[in-house]
Amino acid sequence: MEIFTTNYDLLIEQGLEAQKAPYFDGFVGTRQPFLDIAAIEQDQLPARWTRVWKLHGSINWQYEKSAGVIRRIGASAGGSALIHPSHLKYEQSRRMPYLIMIDRLRTFLKRPSAVLVASGYSFGDEHINECLVEGLRTNPSSVVFGLLFGKLDAYKHAHGLTDTATNLKLLARDGAIIGAKKGNWKSAPDGAAFEFTYGNFADLGELFGELAGAENPAP
């Protein structure tokens with residue numbers, strides 16, 4: 001499994017460690033882990049390892065002139081965290097590690113029948129959107145499900161992406177865009193209005209817990 005996140009907190013890492021699930025985030029070492037581009041590109045890890053790619057950097061990444069990009073224990077200490085591209089111009093952000101993380105997303109979308117589930121992403125990052133559309137257009141067997149938290153019209157800037165890449169499917173509380181066609185959810189047989197709630201990460205997490213066989217899914 002591969003996780004791509006635009007968040008720069010450590011929640012995903014903490015969650016994986018709490019479940020004793022091994023993961024690789026591009027860094028190797030113990031005292032002062034360093035970014036190992038060769039290990040990322042070769043990707044020879046066991047299948048049970050989760051790959052975690054932080055597209056916008058992380059609060060515990062730091063650049064040091066003598067060591068390059070390193071990962072600190074906890075938050076970055078004694079320097080500014082490497083968070084892309086919020087405090088950098090786009091031209092500057094097209095360098096490691098930002099570029100290598102984006103390349104991982106491109107590589108993932110090239111795989112036959114690749115499926116990416118996007119949760120909590122508002123499609124507000126033009127550079128990531130370009131990567132998604134490019135990948136979907138060049139690989140028709142791939143698909144991205146965008147699980148939206150609110151109503152469909154609150155994400156109008158994402159609607160146009162579905163015209164270019166019809167294998168991008170937007171699923172919102174009150175409706176969806178599938179195959180570039182927009183529509184509302186049908187009512188239940190008893191006439192009750194249907195709402196798609198998996199755009200809420202709590203509901204999505206509960207679903208994943210049930211699929212994984214968890215006895216007590218997280219609320």
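Tutor: A salt bridge here is a side-chain nitrogen of Lys or Arg within 4 Å of a carboxyl oxygen of Asp or Glu. By that rule, this predicted model has 9 salt bridges. The idea behind the rule is simple. Side chains of opposite charge can pair when their charged atoms come close.

Start with Asp 43. Its side chain meets that of Arg 51 in a salt bridge, with 3.0 Å from N to O. Asp 43 also forms a salt bridge with Arg 104, where the closest N and O atoms are 3.4 Å apart. Look at where these two partners sit. Asp 43 lies in the loop between α2 (37-42) and β5 (50-54), while Arg 104 belongs to helix α4 (residues 98-109), so this pair ties together parts that are 61 residues apart in sequence.

Now move to another salt bridge. Glu 195 pairs with Arg 173, and their closest N and O atoms are 3.1 Å apart. This pair also links distant parts of the chain: Glu 195 is in the loop between β14 (181-184) and α7, and Arg 173 is in the loop between β12 (168-171) and β13 (175-178), 22 residues apart. Glu 195 has a relative accessible area of 47%, so it is partly exposed. Arg 173, at 22%, counts as partly exposed too.

Stay with Glu 195 and look at the residue numbers around it. Trp 185, Phe 194, Phe 196 and Tyr 198 form one aromatic cluster. Aromatic pairs number 7 in the structure. One of them joins Phe 27 and Trp 61: their ring centres are 5.2 Å apart and their planes stand at 50°, so the pair is tilted. Phe 27 and Trp 61 are both buried. Now return to the cluster. The rings of Trp 185 and Phe 194 have centres 5.6 Å apart and planes at 80°, so this pair is edge-to-face. The cut-off for that name is an angle over 60 degrees. Trp 185 has a relative accessible area of 27% and is partly exposed. Phe 194 is partly exposed at 42%.

Follow the chain on to helix α7 (residues 201-211). At its start, a side-chain oxygen of Asn 200 reaches to within 2.9 Å of the backbone nitrogen of Ala 202. After α7 comes Gly 213, with a positive phi near 85°.

Go back to Trp 61 and its strand. β7 pairs with strand β8 (residues 68-71) in the antiparallel sense, over 4 bridges. Between β7 and β8, 3 residues make the link of a hairpin. Across this pairing, Tyr 63 stands opposite Val 69 in β8.

Finish with the backbone. Most residues other than glycine have a negative phi. Which residues have a positive phi without being glycine? Lys 20 is one of them, at about 55°. Its place is the loop between α1 (11-18) and β2 (23-24). Lys 20 counts as exposed, with a relative accessibility of 75%. Phe 123 is another, with phi near 60°. Phe 123 lies in the loop between β10 (115-119) and α5 (126-138). At 1% relative accessibility, Phe 123 counts as buried.

As you turn the model, keep the starting point in mind. Asp 43 bridges to Arg 51 and to Arg 104.

How values were computed:
Residues numbered from 1 in each chain as written. Predicted model: local features only at pLDDT ≥ 70, side-chain atom pairs only at ≥ 80, totals over all residues. Heavy atoms only, no water. Phe/Tyr/Trp six-rings, centres within 6.5 Å; stacked < 30°, edge-to-face > 60°. Buried < 20%, exposed > 50% of the residue type's maximum accessible area, 1.4 Å probe, protein only. Polar contact = N/O pair within 3.5 Å; in protein donor to acceptor, adjacent residues only side chain to side chain. Helix = DSSP H or I, 4+ residues; strand = E, 2+ residues; numbered from the N terminus. Pairing = 2+ DSSP bridges.
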